[in-house]
Amino acid sequence: MDNSVKLFSALKIRYCELPNRVVVAPMHQYAAVDGYVNDWHLMNAGRFAAGGAGLVMMESTKVERRGCGTVGDLGLWDDCFIPGLARMAGFIQHCGAKSGIQLGHSGRKARCMRPWEGGRPVAADSDTARSVKDWDDWELVAPSALAADEGWPVPRALGIDEIASVVEQFAQAAERADRAGFDMIELHGAHGFLIHEFLSPLANQRQDAYGGTESKRMRFALEVAEAVRARWPAAKPLFMRLSVQDDAGWGPEQSVVLARELKRLGVDAIDCSAGGILGKPPSGAAKPA
Ligand SMILES: Cc1cc2nc3c(=O)[nH]c(=O)nc-3n(C[C@H](O)[C@H](O)[C@H](O)COP(=O)(O)O)c2cc1C
């Protein structure tokens, strides 16, 4: 008997049926203007959908202004972003694919130049900083006041009374993603961004309900998943991307514990990635031979 799973066979997750198992990973385009999508994004996502992928995910789209990694990040912290993203979801579906969107927050890795501009933090006295209308609102926040790398700016540690509002921003963005017509959401819990920062013993040195032990470091990720699941239709899939190995105190053992908890809360799949908490690529299987 042939038990193999065929790449071009359908896959049903909740009420969402992917026509095949080709999934286009979220890929940041750094092309947004003031958080809005434009023709570039339609062309980029559209070509994958027209090419026959089963699921096309939009890049990490930020749930609050502070969470933008660069000046070119997409936003979903306000209803004004819904019409543009609805056009993306609609076009992807028109091609026969399912449409997904990744929701993220860059935490202490916010406010950087784009990769081809060096990827370093934006200097406050630079032309880029001067071109940003709301520079003061673009604040770096994180679980602890620890810089992402040597010479990087020190973020402000979120007060315990502020964390619930960040969780709420994720939930509101999920509601907006539903109104825009997306079929699935992926929460960005990888690559050294805010959710990963809370998980990491390196980035999270809190001694309150959100840090100090492994289970307390998992609390923010679990609260985000729970809040999003509550406000995202039960018929639609929810994924979480994790750096399942980050070479800095978080590995497969911890990821399995977290994945079991996430499953209990209604997360349907873990999108396994790696690295991002240190200022260098991950080691291990991804290394060229
Ligand atoms: C230009 C570019 C942008 C990316 N943007 C994101 C992103 O927004 N969110 C994310 O989780 N990963 C992002 N990634 C990582 C990819 O989703 C993907 O994991 C990576 O290219 C490795 O491919 P693989 O997972 O198929 O091995 C990006 C990668 C590239 C090359």
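Q: Leaving aside its neighbours within four places in sequence, with which residues is R206 in contact?

A: Please note at the outset that this is a predicted model. To read a residue's surroundings, one sets aside its sequence neighbours and looks for heavy atoms within 4.5 Å. With neighbours within four places left out, R206 is in contact with P143, S144, L158, G159, I160, I163, F198, G211 and G212.

Q: Where is the place of R206?

A: R206 is found in the loop that runs between α5 (194-199) and α6 (214-217).

Q: Is R206 buried or exposed?

A: The general idea is to compare the relative accessible area with a cut-off, and a residue under 20% is called buried. R206 has a relative accessible area of 8%, so R206 is buried.

Q: With which residue does R206 form a salt bridge?

A: One looks for a side-chain nitrogen of Lys or Arg within 4 Å of a carboxyl oxygen of Asp or Glu. Here the partner of R206 is D208, and their closest N and O atoms are 2.8 Å apart. The two side chains also make a polar contact (2.8 Å). D208 counts as partly exposed, at 21% relative accessibility, whereas R206 is buried.

Q: How many salt bridges does the structure hold?

A: There are 22 salt bridges in the structure. One of them joins the side chains of R231 and E168, at 2.8 Å from N to O. R231 belongs to helix α7 (residues 219-231) and E168 to helix α4 (residues 163-179), so this pair ties together parts that are 63 residues apart in sequence.

Q: What is the relative accessible area of R231, and how does E168 count at its relative accessibility?

A: R231 has a relative accessible area of 29% and is partly exposed. E168 likewise counts as partly exposed, at 29% relative accessibility.

Q: Which helix holds both R219 and E223?

A: R219 and E223 both lie in helix α7, 4 residues apart, which is about one turn of the helix. Their side chains meet in a salt bridge of 2.8 Å, N to O. R219 is partly exposed, with a relative accessible area of 33%.

Key:
Residues numbered from 1 in each chain as written. Predicted model: local features only at pLDDT ≥ 70, side-chain atom pairs only at ≥ 80, totals over all residues. Heavy atoms only, no water. Helix = DSSP H or I, 4+ residues; strand = E, 2+ residues; numbered from the N terminus. Buried < 20%, exposed > 50% of the residue type's maximum accessible area, 1.4 Å probe, protein only. Polar contact = N/O pair within 3.5 Å; in protein donor to acceptor, adjacent residues only side chain to side chain.
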